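Trainee: I have a model open and some questions about it. Can we walk through it piece by piece?

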Amino acid sequence: MATRGTRSEKVKRIFQQFDLNNDAGLNRHEMAALVVAVNPRVKFSDEQISAILDEVFRTYADSIDPDKGLTYDGLLRTYDDGAGDVDRDFEALGLELKPHNNNNNNNNNNNIIVNDDANVTNNEVEEEAETTSFGDAKVKLPEPSPVQHRTVRWAASPNHGIVFDDTWKLVDDLEVLIKRLRTKQMKDSKGKAENSDVYSDPGWSRELGPSTEMSKQIVWDESKPDYAVFVKELGGLRSRADGARSREEAFDGHMAIGRVLYDQQLFKEALVCFKRACELQPTDVRPHFRAGNCYYVVGRYNEGKDEFVLALDAAEAGGNQWAYLLPQIHVNLGISLEAEGMVISACEHYREAAILCPTHFRALKLLGSALLGVGEYKAAVKALEEAIYLKNDYADAHCDLASALHAMGNNDNAVKEFQKAIDLKPGHVDALYNLGGLYMDMGRYQRASEVYVRVLGLWPNHWRAQLNKAVSLLGAGETDEAKKSLKEALKMTSRVELHDALSHLKQLQKKKPKGNGNGEDSFMIIEPLKFKTLGEKTSSRQELATALDIRSFQRITRLFRCDVELLKKEMSETDTPLSYSGYGAPQKSIRKPALECILRRLLSFLKAETFVGAVKAINVKILSVLDESESGRVDLGMFFAVLAPICGGTPDKRKRVAFESLLWRPMNEERTGGKIKKADALSYIKLLRSIYIPNHPISEILEIHGETDASLISLPEFLAMFDDQDWGFGVMSTLLKLESGDRNRHGNHTCSVCRYPIIGSRFKEMKSRFSLCSQCYSEGKVSPSFKQEEYNFKEYANGSEAVKDKCMWFSSSSHKSKSSSSTSNS
């Protein structure tokens, strides 16, 4: 790093380069030219440039000459305060220093990134400094007074450094305690070398980790006696801080102690200090921000979120004093929300951070990743492309962009983006794993298996990669190798899916189907009219296909585990204000982040990662239809009515709650007698079909908006509409059958097409006596060896029904035999 003398010389050369009129000041025009020149890859709008210059001229008002502009000393202060990287800007401008006689070899680092609390994340302090300059608009606070320079870089920061001399004594004593503790624990714990490239960055796990002062992970054994001694001595330092002469000095002491502990990854102890600092100065943003970081690192995400909310409130109340910190508060609040599974809410904060700081590439990447997580692929691609534009070597952004392109069906470009991520970070597990999935989707099974081998080389216990390797080998026709890989996966986990897959492979080896080896091309697709049903209980092929799709949605969202009565509770307890749509009718509409909070209460039993998947499915299947205008608001009553039929509870309860949800809407709740408008019911039925029945045109939902039928209908009339097999939601009866029996097994019976053990209903063809699973039956698949003009199927929900039917057949045959014998004797 440059010495102080070299830094000042570089700043002087930059100043002279843009002081076009040589008046020893940079006016707004000259400053604008500087901002643009040092950020050549960023396209600023006039409004952004103006906002940046307003911030600089306001923050450094005492260094502004009214006639000339920002002085050289003022520009030097902006670099000292971390607004830009002198070395990077100097190199970007192509400037050179004149040779000097005095060769100063001092290696002390005085290029302090003042913007420390704005970049508390693991790698963000360094990365932000390397990629952004004045464009970040993160300049703040007056020139630093002379302070002692210590090994801790932040301590000399004029923004968040040490203010009182006695605080230095606390820091010195604390460093002695930490060195003593490290020496004692180092004897028993030897650090294991880790390849950092192996572990993918999910977007938030490294965002709030320790600062760049300590890039390697430190593991402290809290169970040892020496740690207890350390905590006791640390308590003495905290007491000394509390005994300071003023409240401000006590605050300074606790913040300094907390920062040192945080840098040494003693997060629990640091948290105590930051919480005490919060008590001393509740309106100061920094302790809340730091406490939030600590809470996140120790896994207490909800408490971290609360601290970030307090920091955000304090920053917004403090006016321009904390403006530079707002983007990072929004980013870290979003990260905490995402850790709890609240991805839609996180998007709001990432978006706000990107608005406040247009060059914040990490905020744009996180926004893109979160949008990808909720299924908004086009918006995700746009955000990720902007992040890559700002930082082209951002491997994680390339990886997520590839995933978004894959989801949109742009597979060729997705492969290119995955390859870019791998080129930048050869051990990027996420990129490799997802590339393998992409190759499988493209039918390139051999290539996919090779990629999964690379994943397993980096992460040997990745059972999903081992399983996918087996599937790709099976697709490539290498059944024996697939079986070996599957057995390896079984050693890693005992999930029932793996046992079923192994049984499937054994069946394939016995049957040896023709084709590519997996049996998937050894079938015919039969016309629906040739599939006949026997008995009233046998589901039709089309109806089963629709019900299976809805059942799949239920499983992803886990809504069948949510009691439908909880919807009624939400309606009674949620105070939703009225709003007016483009059609003039008042609605109890709610923004998507608030709706996500309601879903979190309804699905409180889900883990965060499972909840994210549920929200994505709901957003893609339901919210995209309800929010047809893309306003970001949803009619809450209609949303509850759409959810009710697939929630847990008896059929009658589900239908009644759907009716009550419609009754709760503003256009119906003022009606007497518990009736709803027929037009509202018709709109609901059409919407329900458009969401859950794939072949129903979505455009039909628009027809009802001009409806003038003001007649009212009661609950019985609504139920008749709901149960109508052709125009209502009659598929619910088939769905209920799946809910109660789609985990039933049928002994050794396997599907004659896919060869998997039959789980759920078994469909038996009564002439050729072969069986199909629900999926193959719904898709009309039949083995070529059973070619017939027509197929007659009977459905068995479980094995006992099949046994009972078989006994009745034997009884019938015996009776006929006796009858014919008697006739012949006579």
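Mentor: Start with a term: two strands pair if DSSP finds at least two bridges between them. Keep in mind that this is a predicted model.

Trainee: How many bridges join strand S13 to strand S16?
Mentor: Strand S13 covers residues 762-765 and strand S16 covers residues 791-796. The two run antiparallel. A pair needs at least two bridges. The number joining S13 to S16 is 4.

Trainee: Which residue in S16 is the bridge partner of phenylalanine 763?
Mentor: S13 and S16 are antiparallel. Look across from phenylalanine 763 into S16. The bridge partner there is glutamate 795.

Trainee: Which strands stand at the edges of the open sheet of 4 strands?
Mentor: The order in this open sheet is S4-S16-S13-S14, and the pairing is mixed. An edge strand here has a single partner strand, so one side is left without a neighbour in the sheet. The edges are S4 (531-533) and S14 (771-772).

Trainee: Phenylalanine 531 and tyrosine 791 form a ring pair. Is the pair stacked, tilted or edge-to-face?
Mentor: The structure holds 25 aromatic pairs. In this one the ring centres are 5.9 Å apart. Stacked needs planes under 30 degrees apart, and edge-to-face needs over 60. The planes here are at 55 degrees, so the pair is tilted.

Trainee: How many residues apart are phenylalanine 531 and tyrosine 791?
Mentor: Both residues are buried. Phenylalanine 531 is in strand S4, and tyrosine 791 is in strand S16. The pair links distant parts of the chain, 260 residues apart.

Trainee: What is the angle between the planes of phenylalanine 531 and phenylalanine 793?
Mentor: Phenylalanine 793 is buried, as is phenylalanine 531. Phenylalanine 793 lies in S16 and phenylalanine 531 in S4, so this pair ties together parts that are 262 residues apart in sequence. The centres are 4.8 Å apart and the pair is tilted. The angle is 45 degrees.

Trainee: Which residues do ring pairs link into a cluster with Phe531?
Mentor: Tyr791 and Phe793 belong to this cluster.

Trainee: Is isoleucine 49 buried or exposed?
Mentor: Isoleucine 49 is in helix H3 (residues 46-59). Beyond its neighbours within four places in sequence, it contacts Ala32, Val35, Val36 and Phe44. Buried means under 20% relative accessible area. Isoleucine 49 has 13% relative accessibility, so it counts as buried.

Trainee: How far apart in space are isoleucine 49 and valine 35?
Mentor: Valine 35 is one of the buried residues of helix H2 (residues 28-37). In sequence, isoleucine 49 and valine 35 are 14 residues apart. C-alpha to C-alpha, the distance is 7.9 Å.

Trainee: Arginine 558 and arginine 755 both have a positive phi. Is arginine 755 buried or exposed?
Mentor: Arginine 558 has phi of about 60 degrees, and its 26% relative accessibility makes it partly exposed. Phi of arginine 755 is near 70 degrees. Arginine 755 is in the loop between strand S11 (745-750) and strand S12 (757-759). Its relative accessibility is 10%, so arginine 755 counts as buried.

Trainee: Which side chain makes a polar contact with the side chain of serine 589?
Mentor: Serine 589 is in strand S7 (residues 589-591). At 4% relative accessibility, it counts as buried. The contact is 3.0 Å, and the partner is arginine 633.

Technical notes. Residues are numbered from 1 along each chain as its sequence is written. This is a predicted model: local features need pLDDT of at least 70, side-chain atom pairs count only at pLDDT 80 or more; totals for chains, interfaces and linings use all residues. Side-chain values use heavy atoms; hydrogens and water are left out. Buried means under 20% relative accessible area, exposed over 50%, partly exposed in between (1.4 Å probe, protein chains only). Contact means heavy atoms within 4.5 Å. A polar contact is a pair of N or O atoms within 3.5 Å; within protein, one must be able to donate a hydrogen and the other to accept it, and residues adjacent in sequence count only if both atoms are side-chain atoms. Rings of Phe, Tyr and Trp (its six-membered ring) pair if their centres lie within 6.5 Å; planes under 30 degrees apart count as stacked, over 60 as edge-to-face and the rest as tilted.
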